[in-house]
Structure formats: C-alpha cells, structure tokens
There are 2 protein chains.
Amino acid sequence: MKKEVAIGIDIGGTNTVIGIVDRAGNILAETTTPTLTNTDIREYLDSLTVKINEIVFQQNNTIEVKGIGIGAPSSNYFTGEIIGATNLGWGERVPLVELMREYYDYPVIVLTNDANSAAVGEKMYGGAQGMKDFIMLTLGTGVGSGIVVNDQLVLGHDGFAGELGHVITQPDGRECGCGRKGCLETYASATGICRTVSEIMATTNTKSELRNVAAESFTSRMIYDAAVKGDELALKAFALTGKMLGKAISDFVAFSSPEAVFLFGGLALAGDFIFTPTKEAMEENMCFLYSEKVKLLPSELDGAKIAILGASAVVWQEMKN
Amino acid sequence: MKKEVAIGIDIGGTNTVIGIVDRAGNILAETTTPTLTNTDIREYLDSLTVKINEIVFQQNNTIEVKGIGIGAPSSNYFTGEIIGATNLGWGERVPLVELMREYYDYPVIVLTNDANSAAVGEKMYGGAQGMKDFIMLTLGTGVGSGIVVNDQLVLGHDGFAGELGHVITQPDGRECGCGRKGCLETYASATGICRTVSEIMATTNTKSELRNVAAESFTSRMIYDAAVKGDELALKAFALTGKMLGKAISDFVAFSSPEAVFLFGGLALAGDFIFTPTKEAMEENMCFLYSEKVKLLPSELDGAKIAILGASAVVWQEMKN
C-alpha cells in the first residue's frame, strides 16, 4: 500500500520551501526553489511545480499525495487568493489555489498566518494530538497565535482571526508596529524582551553584562545566555516577560477555555526562564473557573521545520472536515 | 404536516419556565412550575414533565417535538449533569439529561451559561441568522458572553468557555465579585455603570440629579432616564462605560474576527447612549486588520423571553451538528 502524504509549501520573500510529509509528521523529502518575484505568477508556478514533481517522482511511486498546503503571505483561506502582497510583484489579486488546480487534481489549501499553521501542525504531529481546544502562541520577532476550538482552526469571518499578539495588555503601554500602544507583542516577543532589558536598565541599578551591549544589538538569545550565567538583569527581564504573557493568557482562557496553551518560537526555547513566571502569572490572574485547569506546554515541533509541517498539516485537517 | 417545535426550559432558583418554540422563534405555548428545591430531584421532574406534557397536549397533535433544551445553573453541556448547585438542594451531582431520558425519547440538552443560550437564540431566531462567526455580550447585573465560531458555539474543553465579563480590562481596576480586579463586568454591566456614576461624582464637580440618590439605590434605568433628560453626569457615565466596553471588544475581535458583536440586556437598551461611545472606542482601539469590518448590533430577541428562546434554540443547533 502506498504511503499517504501531504505536500507542505512555504512561500517566503526569497525562497520557497517544499516538503513531502506523512501522516506522522515525518518529512520524506524536502527541497527549495527561488520565489520568482516581480514576474508572471505562472512562470513562478511552472518552476515550483517542476520542483514538486521532482521530489514526488523521487519517491518511486511509494506515496499517494492527498493534497497541498501552502503558507503564503497575505493569502486568504476562504478565497484561495494572495491579496495585496505588493512585495511579491504578482499583482493585486493572485488566485493561487485556482492556478495550482491547473497543475494538480488534489485539494490545494492556502493559509496566511504562520501561527495558524503551527497550531494545526501541533495538533496533527505534536503535543496537541487529540486535543479539541487549545491555543498556540508563537513568540518570535512578533507574537502570533493559532486557536483551535471544537477541533477546528478559528479563522473568523474573513480569515483574520487569531492575532492575540495585538491584544492590548498594557493600556497606553509600549508603541507597537501596528500603530497602537501596549500590544502583547511589544512585551512577549523576542524584540519585546529586548525592550524589557532596556527598561530595567533605565529604571533600576541592577548590574549586568548586557549594559555593555548597544540596545540595537540585543537578541533574546543573548539575554537567555546571560540568564543561564545568572545575570540578575536578564533573569528580571524573563520574569517581567512571563508576567505580561501569563496575564494575557489568563484573559485568552476566558474566551475559549482551552485544554492547553502551547508556546513556540525563540523565546519559548528559554524553558523554565519563561515558563515558570508565565505559569505563575497565568494562575495568579486566572478567573477561578479555570484555575489549575489549563496546561502551559512547549511546542513539540521542530522549529526549523514548522513552516512545512504546518502547511502540510492543514491538508489532513481539511480532509477530516 | 405537523409543525416542528423545540421545548425550551429555564430552571430558576424559584420557578421553572417552559415554552414550546417553533423554528421561527414563535412561542406557541408557555407555562411555569415551581422549582422544587431541597427535595428528591425525581419529585421535581415528575411535576415538571406533567407541565410539559400538559402544554404539548394542548397543541392538539399539531406539533412534533424535536428535542428539549434546558438552561440550568451549574450544568455541564458535555456530561448533562448539574454539578455543585448546592442552592437547589438536589445533591452534588444531578444527572439531569439521563433522568429526563426516562421521561422522553427525544434529545435533551443542558446549557449553563445564559449568554451561550442567548447567542444560539440570536443565531436561530434573531439578527445573527446566517452568521457563522459572532459574539454575544449580555450586559445585565454582570457581563456574560456567548461566542460562535465556525457556525458552532464555543464551549471549550470543559464547557466553561465564553466568560468575557471576566477579562481584565483595567489592570488593578475595580474589585470584582470573582475576587480579582478590573474585570470588564465591573465597568460594562448595569452595576458597573452605577459604580461609574459614583466615580464621576467623586472625581468631578459635574452637577446631577443623581447626586440626590444614595449609591445603593442607583439603577441603570435611572441613569438612562437622567441621560434622556440631558443630565451631564449620566451622559458622562455612558460615555465612560462605552469606552471601556469598546476597548474590550477590540481585543475580543483579535481572537475570533467575528462578523458582528451583539449587545443584549438592560444596558444595551440604552441605545445610542451606549452604542455610540462603544463603537467609537472599538474602532479607535481596533487593530487595523479589523478596522470598520465588525458590526456592533443590538440583539433582536425579546429580552423577557430570552431564557426560553435560547434554551429551545440549542435543540435546532444540536440537530444541525
């Protein structure tokens, strides 16, 4: 019997990554192709599909492709289009799914939000297997979220649901790239913790090796490394970050009463430094209805492979619906 | 052909209300029976079912009952039990659905959260017909919420989802009955607006007829009446209430990107006094992704009949799933 697989594709600004993934989340093959921007989209799709066919062919007829999941910027799950992604230079509206159907018979699904794909990936291959209600928070440069309710991804009426990074955690707080102030992502992202380090430097006399580094050069990794060495300021930064994140999570819980909240991404790799204060603040601020009921867990997915895993997982999820 | 109906039951602390409701939300018959507390639950169910049978019988065989929806305090949708409702005096765990099945063959569903029933009622009979993603906020003594995502009620892993009244809107804000501080319901409920009146009295010199009333005697109706007469303090109170509510809604939108948010309950009846500042604050605080996309609407359901309508609506919703 042939092995059922899904093809996961991640269209980035420079490169497109393609992977063949089985139901267990094993990547059987992987390849990349340049994202041909500022050209006719068909030219790009011609080269993309050649690459797809190549790795499918290499499987020597041992696989059965069940569908293609694509993570693409500014795309819309409902219409299958990429809309207003000017940087790609393929025009205002690109009917990606429709065009892909000229090449393939199996289902093609697009999803724009990385955190949505990560959530579906976690559900299919990771720690959320068997869970019907959970929230995935991706703590990277920004904070993204993918929410699963009643066993389904929450997309909203327009496909834009799940932007918990832009919930205002601190009224009149830090300036956010979205034009507002106090969004969760200005505190609980990799860049947020760097801002927190600057803030602690300004408001306390806490000694730290980080004081010798220009703010612009801070990285969350650097703060983690300092924390591991016991740097007091770095430890404070993690404590404050966890506090903001935990408070925010306690509010998210009042929305969907999830079984678990997963943390994914750079900041989540800091382990106890981030999980301990987050869990503490979460329980401290939680409405009693939810006390000690909601798990806070690290993602079990390989961060480097999340784009492909997530995109492919959407195929399995779609088949189930 | 017989008319398909659902029976909606609302178990209150003193009385139980029973209604026969058709698919269009018309109440064909309605009756009440005392809620026999501190007794054997079977004794209560015997008298309840006699009453149900009575109004069903009166329909002269013109109806076909498709199911029974029950709104009961501390009940659990998933297990069909009433758990820990000590004031009812029926014991710690009452297997309500199981017991009702000894009397009837058709489906019996329990739902604890009034706002959840209201949401389903709005979807089946009111302004949310045809909407797959919306949020219902009930602004009564407290603030309740019922959330519909992907055409389904959000219940969460334990049935306790949708408590947006207990999202912290103002860090370190007003004391809430839940033991925490700054919950939305301390601002945007009927009692919340009374507290706001007291606050404005304390912090400003704004003249008002309300200054002659003891704080304990304030009602949201009284504040509404004063606002209608142009009382400046009452108008300020609505403006501030709408501001807090609108800010909170803009965060809820980032979760599920709903097509609309419905307001229901005493405070929602204040019309423009509450809708105008709420809509304004909502758009002012909204992440650009959702700007001008989300409708803010008054519930179209009869407030006095909501308990029966909501409970019956759950039957139709269940049949669809």
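Residues 24 or more positions apart account for 62% of the chain A contacts that have a separation of 6 or more. Contact here means heavy atoms within 4.5 Å. This is a predicted model: local features need pLDDT of at least 70, side-chain atom pairs count only at pLDDT 80 or more, and totals for chains, interfaces and linings use all residues. Residues are numbered from 1 along each chain as its sequence is written, chains are lettered from A and ligands numbered from 1 in the order in which they are written, and side-chain values use heavy atoms, with hydrogens and water left out.

## The chain as a whole

Chain A has nine helices and 13 strands. Both are DSSP runs, numbered from the N terminus: helices are H or I with at least four residues, strands are E with at least two. The C-alpha atoms of chain A fill a box of roughly 65 × 45 × 35 Å along the principal axes.

Of the 321 residues in chain A, 57% are buried. Buried means under 20% relative accessible area, exposed means over 50%, and partly exposed lies in between (1.4 Å probe, protein chains only). The accessible surface of chain A comes to about 13,100 Å². Carbon and sulfur atoms hold 50% of that surface. Areas come from the Shrake-Rupley method with a 1.4 Å probe; for residues, only the protein chains shown count as cover.

Chain A carries 26 positive and 39 negative charges, and their mean positions are 4 Å apart. Lys and Arg count as positive, Asp and Glu as negative; His and the chain ends are not counted. Each charge is placed at NZ of Lys, CZ of Arg, CG of Asp or CD of Glu.

## Two copies

How is chain B laid on chain A? A turn of 180° and a shift of 0.0 Å along the axis do it, with an RMSD of 0.0 Å. The two copies are thus related as by a two-fold rotation axis. The superposition is by least squares on C-alpha atoms of residues with pLDDT of at least 70 in both. The copies meet through the same surface, because 100% of the interface residues of chain B are also interface residues in chain A.

His166(A) sits in the loop between strand 11 (152-153) and helix 4 (185-188) of chain A. Its partners, leaving out residues up to four places away in sequence, include Cys176(A), Cys178(A) and Cys183(A).

Beyond four places in sequence, Gly182(A) touches residues including Val167(A), Ile168(A) and Tyr187(A).

Thr278(A) belongs to helix 8 (residues 272-285) of chain A. Beyond four places in sequence, Thr278(A) touches Gly242(A), Leu245(A), Gly246(A), Ile249(A) and Leu296(A).

| Residue | Relative accessible area | Class |
|---|---|---|
| His166(A) | 11% | buried |
| Gly182(A) | 0% | buried |
| Thr278(A) | 0% | buried |

## Residues with more exposure

Asn61(A) lies in the loop between helix 1 (41-57) and strand 4 (63-71) of chain A. Asn61(A) is exposed, at 59% relative accessibility. Its phi is positive, about 65°, although it is not a glycine.

Asp172(B) has a positive phi too, near 55°. Asp172(B) is in the loop between strand 10 (152-153) and helix 4 (185-188) of chain B. Its relative accessible area is 71%, so Asp172(B) is exposed.

Ile27(B) is in strand 3 (residues 27-34) of chain B. Ile27(B) is partly exposed, at 27% relative accessibility. Apart from neighbours within four places in sequence, Ile27(B) is in contact with Ile20(B), Val21(B), Lys305(B) and Leu309(B).
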